[in-house]
Amino acid sequence: MKRVLSLVLVLVLVLGTIMPAFAEEAMTTAAVSQATQELADYGVIVGDGTGYQEEKELSRAEFAVILSQLYGQKDTAEAYEFVASFTDLAENAWYVPYVSYAAKMNWMNGDAAPATTFRPQDTMSAQEVNAMLLKVLGYNIPWGSVNAEA
């Protein structure tokens, strides 16, 4: 129970800070910077060596890393060697083990059936974020109901 509560609290922080594009009102720069630093302090985000790029929208590949961290599986995901069968993953890209692990855990899926593309650099939609967070928490919600259930 403690782990689920911790995960929910971190998710609230993530959605409230990293995804400001989906908010009706933008957070102040100071509030975003403070929340970003808190996520970094918790180890949820690490930046790219030049900073956190708070203004940048989150990609699907980046969210795969965040999901593994939120679930406490970042080290396992980082070491995961199976490569998912998505045709649009760049060979040896930094995100491949995380995307492959997220697909294995059924947190994230590719497009169409069979799922052959992942779109790792595409921006996350609010519905995708909600669907993936619900999957990590163990819910199986139909795509059309995701936003209502989140």
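Biologist: Why is Lys56 called partly exposed?

Modeller: In this predicted model, Lys56 has a relative accessibility of 38%. Buried means under 20% and exposed means over 50%, so Lys56, at 38%, counts as partly exposed.

Biologist: What makes the contact of Glu62 with Lys56 a salt bridge?

Modeller: The closest N and O atoms of Glu62 and Lys56 are 2.8 Å apart. The cut-off is 4 Å between a side-chain nitrogen of Lys or Arg and a carboxyl oxygen of Asp or Glu, and the pair therefore qualifies as a salt bridge. Glu62 is itself partly exposed, with a relative accessible area of 24%.

Biologist: How are the residues that line the largest pocket divided by class?

Modeller: The lining has 11 nonpolar, five polar and six charged residues. Gly counts as polar, so Gly47, a lining residue, belongs to the polar class.

Biologist: Why is α3 described as mostly covered?

Modeller: Nine of the 11 residues of α3 are buried, which means that each of the nine has under 20% relative accessible area. Among them are Arg60, Phe63, Ile66 and Leu70. After α3 comes Gly72, whose phi is positive, near 75 degrees.

Biologist: How do you know that Arg119 forms a salt bridge with Asp111?

Modeller: Their closest N and O atoms are 2.5 Å apart. Because the limit is 4 Å, this pair meets the definition. Arg119 also forms a salt bridge with Glu128, with the closest N and O atoms 2.9 Å apart. Both residues belong to a network of salt bridges that links Arg60, Asp111, Arg119, Asp122 and Glu128. In the whole structure, the search finds five salt bridges.

Biologist: What is known of the second largest pocket?

Modeller: The second largest pocket has a volume of about 310 Å³. Of its 18 lining residues, the closest to the centre are Asn109, Ala131, Met132, Lys135 and Trp143. Helix α6 (residues 126-136) gives the most to this lining, with five residues. By class, the lining has nine nonpolar, four polar and five charged residues.

Biologist: Why is Asn92 called exposed, whereas Asn106 is called partly exposed?

Modeller: Asn92 has a relative accessible area of 73%, which is over 50%, so Asn92 is exposed. Asn106 is at 44%, between 20% and 50%, and therefore counts as partly exposed. Asn92 lies in the loop between α4 (74-79) and α5 (96-104), and Asn106 in the loop between α5 and α6. Asn92 has a positive phi of about 65 degrees although it is not a glycine, and Asn106, also not a glycine, has a positive phi of about 65 degrees.

Terms used. Residues numbered from 1 in each chain as written. Predicted model: local features only at pLDDT ≥ 70, side-chain atom pairs only at ≥ 80, totals over all residues. Heavy atoms only, no water. 1 Å grid on protein atoms, 1.4 Å probe; cavity = no way out; pocket = protein on both sides within 12 Å on 5 of 7 lines; lining within 4 Å. Points joined across faces, edges and corners; volume = space filled by probe spheres on them. Helix = DSSP H or I, 4+ residues; strand = E, 2+ residues; numbered from the N terminus. Buried < 20%, exposed > 50% of the residue type's maximum accessible area, 1.4 Å probe, protein only.
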